[in-house]
Amino acid sequence: MTTPAIAANGLRKSYPGKGGDKVVLDGIDLTVPEGTVFSLLGPNGAGKTTAVQILSTLIPADGGTVRVAGHDLARSPDDVRGAIGVTGQYSAVDKLLTGEENLLLMADLHHLSRRDGRRRAAELLDRFDLADAARKPASAYSGGMQRRLDLAMTLVGDPRLIFLDEPTTGLDPRSRRSMWQIVRELVAGGVTIFLTTQYLEEADELADRIALLDRGRLIAEGTADELKRRIPGGHIRLTFAGAHLLDAARRVLDEGVADPDALTLRVPSDGGVRAVRELLVLLDERGIDVAEMSVHTPDLDDVFLTLTGREATR
Amino acid sequence: MNSPALALRDSATMTRRQLKRLLRYPSMTVQLVITPVIILLLFVYVLGGTLGAGIGGGRDAYVAYIVPGILLMAAATAATGTAVMVATDMTEGIVARFRTMRISRASVLTGHVVGAVVQQLLGMAVLIGIALAIGFRPNATAAEWLAVTGLLTLFALAVTWLAVALGLRSPTPEAASNAPMPLILLPFLGSGFVPTDSMPTVLRWFAEYQPFTPIMETVRGLLLGTAIGDSAAIATAWCAGITALSYLWAKRTFDKA
């Protein structure tokens, strides 16, 4: 068995505040296998950034045991630092330096030779589509460019585990997609990603496993599909060519909500493959033709709403 | 990994970063150099006639008298800039990034300090140049100039580490610009602009024992041949003490933040 990239048990953190301590993380267990994308999903103030700050050695935890990249977080933080890369929510570039100088600064701090540093910088500038802006100060970069430079700087040291704290917050849709593409390429290269996001769509797109964080507690964990299946409200929508077919289907299925005008029938279902197959086989056996079919699984917004009873406010 | 060689290398990297930043953002440096120059010119040409007579000479004698005070004031002014730069740096993500990397932690601060000391020594060189142009005639030997440079470097180190600590302590860059303000006043409340024996008792007592006075007296003695006495030893001790305490304070604040 390989060591997980992150193994946390009973992670706790609270901050002193008016009227007692404010608990930010209330006993969190996390296991992230190597080479996977794990997403910590939650609304603002759920404790996502605090979790990243603890796991990346920025702040100490109040309690719990954590191993990151096989090293004990509390006892050997420097070994953890040697294995990770962090791209935070706020751009961590030196705005007075050019893009190239920022990358060379990272190369120097990773103790690369001058030649290797230059090669690595050039390679990353190319890969992140920043070669044209290499000699411009980072302050002149757009939000998307700064975020790309930020991630490029994180990659200079070739980390095996990367923390991405809300990597696309504030980006336009195009920059967001290009960031997603970059993340997918990293994962293809075997890197483990710990991603926090408040965008349900983003976790759905990228993550192998998702944990929902709400007020410092994990309220659910699983693949996107597993989470969606836990929620009632999914259905299969069937459309028929004529009213007689719709009626026949209603009689056979004995459930569902018919819409005679649209010639559609909504059948409650978890949307799983087995359920869809059983439904279609049944209709096929009775010779009832289905003109169109679509499966509506609840999206993660529904999941959040169901599990917390609140909107996932942004 | 934490061998001194790597720590040194990280500090050199951070110093290069800082020097580049100073070049990219020259307006701060220019302002920090110009302020003491203006004060020098004001004191020499507006007040210098009268004040010079007061110390038993003329305008030229007064130029010679205030050069050490102005030099220290320049360093203190530059410390304000350093505190602001450090405080600004801390609010930016780049320092959080440094903290998550396997590098020598103190190197982040060392970079600021070395960069600032270089900046201050350049500023002092400009000041001495201007003073020479308006009638400053030191009689120092090469060895004495070397000693002056050494002492001013020590002093620059002391105020810079103090400024770094103050900058780290400040909640905002604005607050950081106020914190080192008293340092700028210390040359006035010492032997920088007038001899201390012309002051009322309480002030004179403070002026004679505050750290800037022995430093100014030593610089004055080295440049002009006035009596130094035990000022040199006291000056060196003050600089070393302030540097050591400020370094520890800054390092602890940085580690905790």
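Which residue forms a salt bridge with B:Arg102? In this predicted model, the partner is A:Asp79. The closest N and O atoms of the pair are 3.5 Å apart. A salt bridge requires such atoms to lie within 4 Å, so this pair qualifies. In total, 6 salt bridges are found across the interface of chain A and chain B. Polar contacts were examined as well. Across the interface of chain A and chain B, 12 residue pairs are in polar contact.

Several elements of chain A build its side of the contact. Helices α2 (77–83), α3 (99–109) and α5 (143–155) of chain A each supply at least two residues that touch chain B. The most comes from α3(A), with 6 residues. Sorted by class, the side of chain A that touches chain B has 13 nonpolar, 9 polar and 7 charged residues.

The extent of the interface was then computed. Chain A contributes 29 residues to the contact, and chain B contributes 25 residues. The size of an interface is often given as the accessible area lost when the parts come together. Between chain A and chain B, the buried area is about 2400 Å². Carbon and sulfur atoms give 56% of this area. Three residues stand out on chain A: A:Leu96, A:Leu109 and A:His111. Together they supply 29% of the area that chain A buries against chain B.

The fold of chain A includes a sheet. Strands of a sheet pair through backbone hydrogen bonds, either parallel or antiparallel. In chain A, 6 strands form an open sheet with mixed pairing. Their order is β6-β7-β8-β3-β9-β10. The edges are held by β6 (84–87) and β10 (217–222) of chain A. Each has a single partner strand, so one side of each is left without a neighbour in the sheet. From one strand to the next, the twist averages 15 degrees.

At one end of this order, β9 (residues 209–214) of chain A pairs with β10(A). The two strands run antiparallel and are joined by 5 bridges. Within β9(A), A:Leu212 stands opposite A:Ala220 of β10(A).

Two helices of chain A lie across strands of the sheet. Helix α1 (residues 48–55) of chain A lies across β3 (37–41), β7 (161–165), β8 (192–197) and β9 of chain A. Helix α6 (residues 173–188) of chain A lies across β3, β7 and β8 of chain A. Helix α1 of chain A runs at about 150 degrees to β8(A). For helix α6 of chain A, the angle to β8(A) is also about 150 degrees.

Note on methods
Residues numbered from 1 in each chain as written. Chains lettered and ligands numbered in written order. Predicted model: local features only at pLDDT ≥ 70, side-chain atom pairs only at ≥ 80, totals over all residues. Heavy atoms only, no water. Pairing = 2+ DSSP bridges. Helix = DSSP H or I, 4+ residues; strand = E, 2+ residues; numbered from the N terminus. Axes fitted to C-alpha atoms, helices over the stretch in contact; angles between N-to-C directions. Contact = heavy atoms within 4.5 Å. Buried area = accessible area lost by both parts, 1.4 Å probe. Salt bridge = Lys/Arg side-chain N within 4 Å of Asp/Glu carboxyl O. Polar contact = N/O pair within 3.5 Å; in protein donor to acceptor, adjacent residues only side chain to side chain. Nonpolar A, V, L, I, M, F, W, Y, C, P; charged D, E, K, R; others polar.
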